[in-house]
Amino acid sequence: MLAVTSPGFVVFAALLAWLWFRCAPARRWQCMLAASAVFYLSLDWQGYLVLLASAVLTWFCALRASAAKRWFGLGLAAALAPLLLLKYYVAAAGGLAALTGLRLWQPQLLQPLGLGYFSLQLVSYLVDVRRAVIPPQRSLGRVVCYASFFLSITQGPFNRYGELMPQMEAPTAWDAQRAWRGAMRCFWGYFKKVAVADRAAVVVAAVFADPAAFDRTQLLLAAVLYSFQLYADFSGYSDIVLGVGQVLGLSLPENFRRPFLAATVKELWARWHMSLSRWLKDYVYIPLGGSRCSALRRDANLVATFLVSGLWHGAGLTYLLWGFLHGMLQALENPLPWRRIITKGWARLVGIAGTFGIFVFTFTIFRASSLHNAAQMFGGMLHNGGRDVFSNYWELGLANRQEQVLLFAGVAILIAVDLLQERGVPLLDKLQAAPRPLRWLVYEGMLFAFLFMGQFLGGGGFLYARY
């Protein structure tokens with residue numbers, strides 16, 4: 001198993017780096033194609049067959065899409081069919097079966113790894129060919145390499161064919177300083193995962209499973225911790241894969257830029273899951289008309305785009321409501337006279353606090369198993385008395401007081417690093433410029449903190465792997 005959280009992945013990435021710089025640049029895409037196949041097949045061989053079928057059909061249609069519109073339509077169907085059939089049909093069939101008692105086909109075993117990612121990446125390839133942004137690729141292997149790229153296949157970031165594939169053949173040489181920076185970024189990503197996300201997951205899972213059993217302070221803590229869990233988990237994964245890419249000399253799209261320091265919802269989406277936001281803008285929002293239309297039409301386009309985002313995450317009503325709220329909130333922000341004022345000076349602190357509150361509220365709905373579960377969470381925050389959040393740690397699933405302290409310490413470190421980066425403090429440059437004894441003392445401290453604070457038992461996979 002080569003899951004990103006496993007030690008085997010580190011060995012796999014190191015072996016790939018060794019092979020990468022011994023391959024002729026013209027052959028590196030083939031090395032990446034083989035590595036991606038090994039990675040995917042080790043986790044989901046059935047899903048790899050689905051990916052191959054979709055990629056082959058999309059590649060075939062793309063060769064003819066610029067000449068005939070029907071081939072473009074068939075290509076879109078080929079790219080989106082796995083997503084529509086294996087994700088949304090299963091959800092719809094399950095709902096209908098529960099509602100009507102009908103026994104409908106539900107292919108529970110066929111939920112390919114990274115389904116939402118390779119489907120949208122194939123769509124972007126086909127649309128870019130149709131728009132003449134890139135020429136149709138005659139090599140099937142290159143399209144499969146792009147679609148199955150193992151650093152992005154499970155959780156992104158979303159790549160563009162014209163940006164990723166030329167890098168595969170660039171004459172990049174081994175660079176020790178670049179590799180060091182990539183390794184440090186990987187380390188930071190793993191710290192986020194094991195020291196923040198996995199420990200926060202214990203509290204979040206316990207509280208969301210039975211909101212009625214907890215008081216308002218515990219419910220509020222779980223809602224806030226889910227925001228940090230999701231951020232640390234998702235951005236941690238992004239740091240790991242972008243760090244590996246940096247070692248290889250590949251420049252991959254950034255996915256996060258300190259989102260909890262955003263002062264408006266619009267700014268939040270310029271900082272959160274940035275590669276998805278870019279994809280939605282280029283392939284949904286702008287084709288709908290974008291902002292070059294009336295204000296009412298612009299707002300409708302915005303809401304429709306975020307409804308698509310909600311649907312991409314899942315077929316449940318919670319995802320649709322989450323997408324609708326983020327679209328509507330941005331539409332409501334547009335005409336507000338103080339929207340720009342609140343992003344500057346001391347007023348920005350008010351904007352950051354308000355935007356974070358909106359994030360916690362909407363992502364509580366996102367995390368809830370149903371609208372009823374979300375209502376229980378919000379109802380409990382209003383009506384469940386008590387303030388046991390700092391005393392009854394065992395109710396939150398934590399083994400002892402130290403676990404609670406380590407959880408809060410991990411969140412504090414995450415916030416502190418984001419604040420320093422937001423202020424432009426070059427942490428890696430300062431570390432690199434430090435005297436060798438001090439530098440190695442810092443390395444030892446980082447390793448100790450990782451081993452002491454990490455939640456190594458019971459940690460699951462990455463949250464966004466199921467999208």
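Visitor: Is Cys293 buried, partly exposed or exposed?
Guide: This is a predicted model, in which local features need pLDDT of at least 70, side-chain atom pairs count only at pLDDT 80 or more, and totals for chains, interfaces and linings use all residues. Residues are numbered from 1 along each chain as its sequence is written, and side-chain values use heavy atoms, with hydrogens and water left out. Buried means under 20% relative accessible area, exposed over 50%, and partly exposed in between (1.4 Å probe, protein chains only). Cys293 has 32% relative accessibility and therefore counts as partly exposed.

Visitor: How many disulfides does the structure hold?
Guide: A disulfide is a covalent bond between the sulfur atoms of two cysteines. Here the criterion is a pair of cysteine sulfur atoms within 2.5 Å. The number of disulfides in the structure is 0.

Visitor: Which residues of α1 are buried?
Guide: Helices (H or I, at least four residues) are DSSP runs, numbered from the N terminus. Helix α1 comprises residues 7-20, and on its other side Pro7 and Val11 are exposed. The buried residues are Phe9, Phe12, Ala13, Leu16, Ala17 and Trp20.

Visitor: Which helices do the buried residues of α1 pack against?
Guide: Contact means heavy atoms within 4.5 Å. The packing partners are α2 (28-43), α7 (161-168), α8 (176-209) and α9 (216-248).

Visitor: How are α13 and α14 oriented to each other, roughly parallel or roughly antiparallel?
Guide: Axes are lines fitted to C-alpha atoms, for helices over the stretch in contact, and angles run from 0 to 180 degrees between N-to-C directions. Helix α13 (residues 317-333) and helix α14 (residues 347-367) pack at about 155°, with their axes 8 Å apart. Angles under 35 degrees count as roughly parallel, over 145 as roughly antiparallel, 65 to 115 as roughly perpendicular and the rest as oblique. The two helices, α13 and α14, are therefore roughly antiparallel.

Visitor: Which residues does Ser119 contact, leaving aside its neighbours within four places in sequence?
Guide: Ser119 lies in helix α5 (residues 115-130). At 0% relative accessibility, Ser119 counts as buried. With those neighbours left aside, its contacts are Ala79 and Leu83.

Terms used. Expected span 1.5 Å × (residues − 1).
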